Structures are given as C-alpha cells and as structure tokens.
Amino acid sequence: MALFHIMGRNFSGAAKNIFRLIRQLDQRKLEPALVGQIENELTSRTEAIGVRVFIVPFPSGLAVYDGGLLRAGPWELLAAIRGAARYNLALVDFLRHSYSPQVIWCDNIRTFFTVYFAARACGCKLILNVWAEPSGKVAWILFRTALFLADVITLEYYGQAPKVFGRAARWAWCARKLVPLYSGCTDFETPQDTDIRRELGLAKDSVLVIMTANIVSGKGQLDLIRASEALFHQYPQYRLLLAGRPLESHPSSLAYDQEIRDSIEQSSLTENARLLGWRADVNDVLHDADIYVSSSYTEGLSAAIREAMSAGKPIV
C-alpha cells in the first residue's frame, strides 16, 4: 500500500495525520510505503519506524499547482498540464519498476488527481482521503468527479459526507465507498515542560486563547485578529496566541503572514496578539492555554481541534 502526499516543509496538520496513520497500520497485514516529492521531517520520522520512503520529484511545471493553479494564466496552466503529464509518466515508471502497490491512498483531492492516471495505468486501487470541506464551483466539480472515480473514500467523521458530496452521498452505490478514518491525536511528541506564560512574560491571570495552524489565508488568522480587537479593549487580560508559520513554497502564504504582522503593528496589538511561529512543544502550550479557537474556513474536525479537545480545552 502506497500513501501519497504532496510534501511541504512543515511537520504539522496533514503531515502529522499521515504519520499517525502510518504508525497505526498493522504491518503484518500491509506493506506500507510513503511516496512524496521532497525529503522532510515526515519522511525522516517514517523511515525511523521502519517504513519505506520513496521520493519522486515534481517537474518544475507543477510548481504553480502547489501555489494556485485555479488563478493561473493560460501559459502557467499549460506548463502545469505538461508538468502533470511528465509526473505521471515518471510515476508509471516508478510503479512498474521500483515499487508496485496494489492500493494507493491519496491524502487529499489534489494528490488524487495528480496521481490518478498513473495509478490506473498500473492497475492500482485508489483511495481518496477527505480532510477539508471546501466550497465553490471548482470544489463542487472536483469532489463529485472524484466520488465517481475513487474506489474508496475515507472521511474524518460520518457527517462529513453530505457536506462534501451533497445529496450524492446518500446514493447507495456512493455510500458503500465512504469510510470514516479516525487518525486520532498526536501521541509521539515528548513533553518539554514549556511554561508559555513565563516564556512570554504574561501574568498568571492572563486568559490565553490559542490557535495552531499554518499561516495561510484559508485558516483565517487575520480575520481572527480583527474580530479580537474589541475583546482586547473589553478584557485587558485577554491574549491571543497564534502558533504556526507560513508555507515557504507559497508566495501567497508568505504575503499573508506579512499582512498579519502589519495588521498587528498598525493596530498596536503587539502585546495582545502574539505570533509564536512553529512549535515543537505545541501540546505543552495547549496545556497552558485556557481556550482553543479555530477560524479555519474549510476544515472539518481538524487535528488541531482534536488535540485541543484531548487537552481538555473548550473550543470556539
């Protein structure tokens, strides 16, 4: 069984979910392998637990696909199509000569369509995994197309299917494809005894509200900061902590991060809203926080929310 993931540098969100799933697989019944495009912390951790890792690099034309294909111009779109064709040819060669799985699990809709033709050419069954719940016409078309094409679809929870696939989820032949796949909470990070209040010089009576997520516009951190301004004035002890960092491969993510920083500076909120960056001790920080908040627009039951629930925090 091959688990395909379009790699980023950050070890958070999807990467943690995938690592949890890999650790939970019964290797007496399955022979899992992780397939990605670059080496990163996920590949290192996966190799450390004895699971094979294969790297099949993206051709340059697919760079736009990892940054906004739907907003690309005609020439970028053509380059992406050529890149996808070259990638699928490389995957066919890989699947026939280096590793021949019977099943390919695709971590999201983008991965599914990226590897679809190569997987079918090599006779592999395809599993589409659904974590996000996007809206819009393009998402509507892509997810309903995938509903027909995938052999199995794994979901975060039972109620997610109607949100993603609409009434089609109730059709008997579609319902048979849908399987909830609970990836659980992080249990592989060692506590580091962090005291975030002491680290940031915060008073003991400060009310810490935290969100942990990559800094991308779909997570809504900028709107969260703007919505919090009135609370900062009404409740002087309220502090908003944002843990996470932008995606280095996404210019739009870097620009969004700068927009957040500019907003905090211009609104004189540097003492009220703190950017923590990426944290290896996020469970410790969650333990010290009072409330968890999520402003994400498309996620269902995200890993961050599950981990906050596991830490016993109220969720907004």
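This is a predicted model: local features need pLDDT of at least 70, side-chain atom pairs count only at pLDDT 80 or more; totals for chains, interfaces and linings use all residues.
Residues are numbered from 1 along each chain as its sequence is written, and side-chain values use heavy atoms, with hydrogens and water left out.

Phe232 is likewise buried, with a relative accessible area of 5%.

## Aromatic pairs

Across the whole structure, a search finds 12 aromatic pairs, where rings of Phe, Tyr and Trp (its six-membered ring) pair if their centres lie within 6.5 Å, and planes under 30 degrees apart count as stacked, over 60 as edge-to-face and the rest as tilted. Phe54 and Phe94 form an edge-to-face pair, with 5.2 Å from centre to centre and 65° between the planes. This pair links distant parts of the chain, since Phe54 belongs to strand β3 and Phe94 to helix α3 (residues 74–97), 40 residues apart; helices (H or I, at least four residues) and strands (E, at least two) are DSSP runs numbered from the N terminus. Both Phe54 and Phe94 are buried. The rings of Phe232 and Tyr238, by contrast, have centres 4.8 Å apart and planes at 25°, so that pair is stacked.

One aromatic cluster is formed by Phe112, Phe113, Tyr116 and Phe117.

## Strand β9

All 6 of the 6 residues of strand β9 (residues 238–243) are buried, so the strand is largely enclosed by the rest of the structure. Both of its faces are covered, with Tyr238, Leu240 and Leu242 buried on one side and Arg239, Leu241 and Ala243 on the other.

Strand β8 (residues 207–212) runs parallel to β9 and is joined to it by 6 bridges, pairing being assigned if DSSP finds at least two bridges between two strands. Within this pairing, Ile210 stands opposite Leu241 of β9.

## Helix α2

In helix α2 (residues 41–48), the buried residues are Leu42, Thr43 and Thr46. They cover an arc of only 95° around the axis, which puts them on the same side of α2, the arc being that of the directions from the helix axis to the C-beta atoms. Their cover includes α1 (14–24), β2 (33–36) and β3 (52–55), with contact meaning heavy atoms within 4.5 Å.

Just after α2, Gly50 takes a positive phi of about 85°.

Definitions and conventions:
Buried means under 20% relative accessible area, exposed over 50%, partly exposed in between (1.4 Å probe, protein chains only).
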